[in-house]
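Here are some worked exercises on a two-chain model. Have a go at each task before you read the solution under it.

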Amino acid sequence: MSASELLQTMYDSPLGTSLAESLYVYPLVEGIHLLSLAFSFGLIVLTDLRLIGVVFRQVPVHIVLQQLRPWLLGGFVATFITGILLTFAAGPGLVEAPIFPAKLLLIFLAGLNALWFEVKFGCSVIRWGGAAVLPAGAKIAGWISLVSWSLVVILGRLIPYLDSGF
Amino acid sequence: MNSQELFQTIQNSDIAVALGQAHVFFGILAQLFHISGLVLLLTSILLVNLRLLGVGLTHFSAPQLAKYTKPFVFTGLGFLIISGIFMLAPSAALYEPNPAFWLKLKLLAVALVIQFTLYRAVTATETPNRFVAIVTAIISLLLWFSVGLAGRAIGFVAA
């Protein structure tokens with residue numbers, strides 16, 4: 001099944017059709033997708049900037065991670081669920097331009113990077129989190145996260161301009 | 001002059017016409033500045049308000065966070081207002097009859113008033129009354145997120 005066939009099947013499903021045709025639910029889902037960025041994207045950027053050494057330098061990394069994590073993850077749950085719902089309501093036009101596939105690829109990359117950070121640095125963060133100079137790998141993970149999530153948001157905003165389905 | 005005439009005058013102004021004729025690239029750029037401004041503003045306000053509720057980045061006090069995020073709030077507001085005018089001016093007369101647009105402006109006005117009165121006063125106090133802090137946080141969060149939702153609604157209400 002090709003990507004556009006899959007999107008057509010999603011669109012034709014009861015969920016996709018009712019969402020696309022709903023007067024209030026669709027705008028609300030789109031609104032939540034956008035505004036939940038304040039939690040998901042905004043707080044991950046803050047965490048990345050801490051790893052890079054731009055903000056909150058006097059606060060140990062593990063404290064920033066630990067105190068922001070529930071809000072950040074909650075935000076990502078909201079952003080992802082509403083994003084999946086929007087994909088159901090989008091139809092095959094979504095993949096006519098490569099913007100959306102590129103966005104998905106970057107989300108995958110950002111996810112891998114987060115996983116790598118957790119495995120490599122997550123357990124030992126209490127030991128290095130308060131150091132004046134953070135491990136180079138942690139800093140690189142911060143940069144990769146910052147760049148990839150920023151591109152995800154930018155590409156997302158470009159979808160209505162460059163994909164023909166909208 | 002009523003508001004429809006005013007908005008028509010804005011749309012017919014040289015600057016608005018020039019903005020309208022600009023390449024679509026600038027339109028996209030304005031959208032990207034609008035979304036960056038939104039994240040800068042909302043995430044900053046979110047951090048401070050979570051702290052007023054007693055959660056989030058509790059390593060700091062609310063006044064510390066408010067002071068720390070102040071430049072981000074103003075940068076965000078600057079991005080939002082300038083890019084917003086850029087998007088509005090070339091088709092101002094189309095926005096004027098849109099109820100979501102006016103709702104957004106009214107909510108924005110109230111949010112700004114609260115921001116520079118109640119919110120400023122509460123976040124300047126090292127140990128504010130717990131009840132006042134919670135009420136302020138809820139009002140501030142509801143207002144700013146409503147401004148965003150009303151903004152999203154503009155495109156769906158448009159005739």
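Before starting, a definition: helix axes are lines fitted to C-alpha atoms over the stretch in contact, and the angle between two of them runs from 0 to 180 degrees between N-to-C directions. The model is predicted, with local features needing pLDDT of at least 70, side-chain atom pairs counting only at pLDDT 80 or more, and totals for chains, interfaces and linings using all residues. Residues are numbered from 1 along each chain as its sequence is written, while chains are lettered from A and ligands numbered from 1 in the order in which they are written.

**Exercise 1. Work out how α4(A) and α5(A) pack: at what angle do they cross, and which residues meet?**

Step 1, the elements. Helices are DSSP runs of H or I with at least four residues, strands are E runs of at least two, and both are numbered from the N terminus. In chain A, α4 covers 40-52 and α5 covers 61-88.

Step 2, the geometry. The axes of α4(A) and α5(A) come within 8 Å and cross at roughly 155°. That makes the two helices roughly antiparallel; the cut-offs are under 35 degrees for roughly parallel, over 145 for roughly antiparallel, 65 to 115 for roughly perpendicular, and oblique for the rest.

Step 3, the handedness. α4(A) passes α5(A) in a left-handed crossing. Left-handed says that the near helix is turned anticlockwise from the far one by less than a right angle, and right-handed that it is turned clockwise.

Step 4, the residues. Two residues are in contact if their C-beta atoms, placed from the backbone, lie within 7 Å. From α4(A) come S40(A), L43(A), I44(A), L46(A), T47(A), R50(A) and L51(A), and they meet V61(A), V64(A), L65(A), L68(A), W71(A), L72(A), G75(A), F76(A) and T79(A) of α5(A). By class, the contact of α4(A) with α5(A) has 11 nonpolar, 4 polar and 1 charged residues. Here Ala, Val, Leu, Ile, Met, Phe, Trp, Tyr, Cys and Pro count as nonpolar, Asp, Glu, Lys and Arg as charged, and the others, Gly among them, as polar.

**Exercise 2. Look at F56(A): where does it sit, and what is its phi?**

Step 1. F56(A) is in the loop between α4 and α5 of chain A.

Step 2. Its phi is positive, about 45°, although F56(A) is not a glycine. For background, most residues other than glycine have a negative phi.

Step 3. F56(A) counts as partly exposed because it has 19 C-beta neighbours inside 10 Å. The rule: 20 or more other C-beta atoms within 10 Å is buried, 12 or fewer is exposed, and in between is partly exposed, with C-beta atoms placed from the backbone.

Step 4. Now try the rule on I84(A), which lies in helix α5 of chain A. I84(A) has 13 C-beta neighbours inside 10 Å, so this residue is partly exposed too.

**Exercise 3. Repeat the packing analysis for α3(B) and α7(B): how far apart are their axes?**

Step 1. Helix α3 (residues 24-52) and helix α7 (residues 130-157) of chain B pack with their axes 9 Å apart, at an angle of about 160°. α3(B) and α7(B) are therefore roughly antiparallel, and the crossing is left-handed.

Step 2. α3(B) puts in L38(B), L42(B), I45(B), N49(B) and L52(B), while α7(B) brings A133(B), I134(B), T136(B), A137(B), S140(B), L141(B), W144(B) and G148(B). Sorted by class, this contact has 9 nonpolar, 4 polar and no charged residues.

**Exercise 4. Describe both chains and the interface: how many residues does each chain give to the contact?**

Step 1, chain A. There are 8 helices and 0 strands, and 33% of its 166 residues are buried.

Step 2, chain B. This one has 7 helices and 0 strands, with 36% of its 159 residues buried. Its mean pLDDT (the predictor's confidence in each residue, from 0 to 100) is 95.

Step 3, the interface. Chain A gives 22 residues and chain B gives 19. On the chain A side, α3 (25-35), α4, α5 and α8 (136-162) each supply at least two residues. That side divides into 17 nonpolar, 3 polar and 2 charged residues. The predictor gives the complex an ipTM of 0.94 and a pTM of 0.94.
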